[in-house]
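Welcome! Please take a look at the sequence and the model first.

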Amino acid sequence: TQLGKATRMRKNFNLASNSFTSSIPTQLGGLSKVTSGFSLASNKLCSDVPTEVQALSNSVVSSWAITTGNAIGTGCSSLDYLVFPTLDPSTVTSFDYGVWGPYYGYTGTIPSQVGTLTGVTLFSLADLSMFYGISGQLPSELGLMSQATSLNLGSAYPYASTASSSIPSQFGQLTKLTYASLYGNKLSSSIPTELGNQIKMSSGFWFSYNLLSSTIPTQLGKLGK
């Protein structure tokens, strides 16, 4: 809220394309001298635009972007895409956040508790927009979902998600997978040789648009055999 005290700022107040949540602070209305470049676009902001902030649009003559890529006008308490839902491992066999999430995608890190979902056959945190997506490290506990046949942690757009760790070798334990997607993240390092254990892979192995390097494991030749 203290940013509202930057009363000498005249242009280019830009917080776009981050992961800010909750409502817009009314104190930003104190930036009354800004005349060009005021952007909060592509975050995860909710509720209504405070009248103090909306009043700034009268003086900002160019590059005003507040509502684009946010959930302005939606009550913050209803945005369940901001948190990972509480799931009962004993009953959940399919989890597709494209269905659970009202904005067609999950945002944030994947909690290690997903490892308790040992009965899940379909697990998807796919980002179907360009504004959300997983981030941080992929937990090794994903390898505990031993019944999974479909795993989708990809994005509909290249590099839209920001998972930036290496691929855990424990993914090789998912030997029942017929489909796997990590498309459009920023995963680095090499592909674990253990992924060659996924001999039932038949419907798709999407690891493109990442930052993977080193050599292609020869073990991948066993996929689908």
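A cavity here is a set of grid points where a 1.4 Å probe fits but cannot get out. By this rule, the count comes to one cavity of 30 Å³ or more. Please keep in mind that this is a predicted model.

**The overall picture**

- The protein has 225 residues, and buried residues make up 41% of them.
- Its secondary structure comes to two helices and 16 strands.
- Among contacts between residues at least 6 apart in sequence, 75% join residues that are at least 24 apart.

**The cavity and its lining**

- The volume of the largest cavity is about 30 Å³.
- Which residues line the largest cavity? They are Leu151, Phe171, Leu177, Ala180, Ser181, Leu182 and Gln198.
- Sorted by class, this lining of the largest cavity holds five nonpolar and two polar residues, with no charged ones.

**A closer look at Ser181**

- Ser181, one of the residues lining the largest cavity, lies in strand S13.
- Is Ser181 buried or exposed? Its relative accessible area is 5%, so Ser181 counts as buried, the cut-off for buried being under 20%.
- Leaving aside neighbours within four places in sequence, Ser181 is in contact with Leu151, Asn152, Leu153, Gly154 and Trp206.
- Among these contacts of Ser181 is Leu151, which also lines the largest cavity.

**Aromatic rings**

- How many aromatic pairs does the structure hold? There are six.
- One of the pairs is formed by Tyr183 and Trp206, whose rings sit edge-to-face, 6.2 Å centre to centre, with 80° between the planes.
- This pair links distant parts of the chain, as its two residues are 23 residues apart. Tyr183 is in the loop between strand S13 (179-181) and strand S14 (188-189), while Trp206 is in strand S15 (residues 204-206).
- The two partners can also be described by their accessibility: Tyr183 is buried, with a relative accessible area of 16%, whereas Trp206 is partly exposed, with 44%.
- Elsewhere, Phe13, Phe38 and Trp64 are linked into a cluster by ring pairs.

**Nonpolar cores**

- The largest nonpolar core has 28 residues, and those with the most contacts inside it are Phe123, Leu138, Leu153 and Phe171.
- A second, separate core has 13 residues, including Leu31, Val34, Val53 and Leu56.

- About 180 Å³ of space lies in the second largest pocket.
- Twelve residues line this pocket, and the closest to its centre are Leu15, Phe20, Pro25, Leu28 and Leu45.
- The lining of the second largest pocket has eight nonpolar and four polar residues, and no charged ones.

**A loop residue, Thr91**

- Where is Thr91? Its place is in the loop between strand S6 (71-72) and strand S7 (94-96).
- Thr91 counts as exposed because its relative accessibility is 55%, and the cut-off for exposed is over 50%.
- Thr91 and Gly119 are 28 residues apart in sequence, and their C-alpha atoms are 8.0 Å apart in space.

Terms used
Residues numbered from 1 in each chain as written. Predicted model: local features only at pLDDT ≥ 70, side-chain atom pairs only at ≥ 80, totals over all residues. Heavy atoms only, no water. 1 Å grid on protein atoms, 1.4 Å probe; cavity = no way out; pocket = protein on both sides within 12 Å on 5 of 7 lines; lining within 4 Å. Points joined across faces, edges and corners; volume = space filled by probe spheres on them. Nonpolar A, V, L, I, M, F, W, Y, C, P; charged D, E, K, R; others polar. Phe/Tyr/Trp six-rings, centres within 6.5 Å; stacked < 30°, edge-to-face > 60°. Helix = DSSP H or I, 4+ residues; strand = E, 2+ residues; numbered from the N terminus. Buried < 20%, exposed > 50% of the residue type's maximum accessible area, 1.4 Å probe, protein only. Core = buried A, V, L, I, M, F, W, Y, C linked by side-chain atoms within 4.5 Å. Contact = heavy atoms within 4.5 Å.
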